[in-house]
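Subject: Structure for you, with notes

Hello,

Here is the structure I promised to pass on.

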Amino acid sequence: MRAVLQRTLRSQVTVDGEVVGRIGAGLTVLLGVGPEDTATDVQYMKDKILHLRIFEDDAGKMNRSLLDTAGELLIVSQFTLYGDCRKGRRPGFSSAAPPELAKRLYEELAAACRAEGVTVATGIFAAEMQVELVNDGPVTMLLDSRKLF
């Protein structure tokens with residue numbers, strides 16, 4: 001599982017002109033699922049997303065987590081995080097999970113974060129979406145549940 005985390009002041013996702021997910025301050029997460037991913041990867045991502053200390057404390061140090069700040073979470077599925085651009089000019093997506101698995105794990109991650117008391121909004125899996133955000137910092141982090149980076 002791969003994720004791009006962006007600390008945001010607000011963000012929203014729109015499908016067919018309708019806002020389907022919106023949050024205030026917190027994290028906007030673009031999430032890709034790989035074919036070998038399991039519930040273990042969901043747990044790893046949930047723990048990292050909720051506990052990663054990338055919010056500033058009173059001294060201006062990145063020392064607070066999403067849970068510490070009572071921040072909100074927008075999770076948007078993005079299979080292109082598994083795009084391979086090393087060969088040719090068109091990315092290949094054979095490293096992305098099949099849609100059934102990807103949707104299930106995407107929904108499990110959202111549910112697991114909600115179970116921790118976090119306000120979670122999502123996009124619509126496999127829809128053509130427009131994501132708007134105001135990046136705070138900017139702070140952008142990359143996560144991989146297989147620890148490849």
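A term first: two strands count as paired if DSSP finds at least two bridges between them. You will need that for the hairpin below. Please also keep in mind that this is a predicted model.

**Overall fold**

The protein chain has 3 helices and 8 strands. Their order along the sequence is β-β-β-α-β-β-α-β-α-β-β. The radius of gyration is 15 Å, close to the 15 Å from the globule rule for 149 residues, so the protein chain is as compact as a globular protein of that length. Along the principal axes, the C-alpha atoms fill a box of roughly 45 × 35 × 30 Å.

Buried residues account for 40% of the 149 residues. Take the contacts between residues at least 6 apart in sequence: 71% of them join residues at least 24 apart.

**Surface and charge**

The protein chain exposes about 8300 Å². Carbon and sulfur atoms supply 49% of that area. On the charge side, there are 18 positive and 20 negative side chains. The centres of these two sets lie 6 Å apart.

Strand β1 covers residues 2-15, and strand β2 covers residues 18-23. The two pair in the antiparallel sense, over 5 bridges. One example is S11, whose bridge partner in β2 is I23. Together β1 and β2 form a hairpin, with 2 residues between them.

Now look at the turn. D16 lies in the loop between β1 and β2. Its phi is near 50°, a positive value in a residue other than glycine. Is D16 buried or exposed? D16 has 76% relative accessibility, so it counts as exposed, the cut-off being over 50%.

Most residues other than glycine have a negative phi, and most peptide bonds are trans. A126 is not a glycine, yet it has a positive phi of about 70°. A126 sits in the loop between β7 (120-122) and β8. At 69% relative accessibility, A126 also counts as exposed.

**A cis peptide bond in the model**

G137 and P138 are joined by a cis peptide bond, with omega at about -5°. P138 is found in strand β8, which runs over residues 130-144.

Go back to strand β1, where R7 has its place. Why does R7 count as buried? R7 has 5% relative accessibility, and buried means under 20%, so R7 qualifies.

Which residues does R7 touch, leaving out those up to four places away in sequence? Here they are, in sequence order:

- G26 and L27
- I54, F55 and E56
- M62
- V134, N135, D136, G137 and V139

Note G137 in that list: G137 is also one partner in the cis peptide bond with P138. R7 and V139 are 132 residues apart along the chain, but their C-alpha atoms are separated by 5.4 Å.

**Where to click**

Start at D16 in the β1-β2 turn. Go on to A126 in the loop between β7 and β8. Then find the cis bond between G137 and P138. Finish at R7 in strand β1.

Best wishes

How values were computed. Residues are numbered from 1 along each chain as its sequence is written. This is a predicted model: local features need pLDDT of at least 70, side-chain atom pairs count only at pLDDT 80 or more; totals for chains, interfaces and linings use all residues. Side-chain values use heavy atoms; hydrogens and water are left out. Helices (H or I, at least four residues) and strands (E, at least two) are DSSP runs, numbered from the N terminus. The radius of gyration is taken over C-alpha atoms; the globule rule is 2.2 Å times the number of residues to the power 0.38. Buried means under 20% relative accessible area, exposed over 50%, partly exposed in between (1.4 Å probe, protein chains only). Contact means heavy atoms within 4.5 Å. Accessible areas come from the Shrake-Rupley method with a 1.4 Å probe; for residues, only the protein chains shown count as cover. Lys and Arg count as positive and Asp and Glu as negative; His and the chain ends are not counted. The place of a charge is taken as NZ of Lys, CZ of Arg, CG of Asp or CD of Glu.
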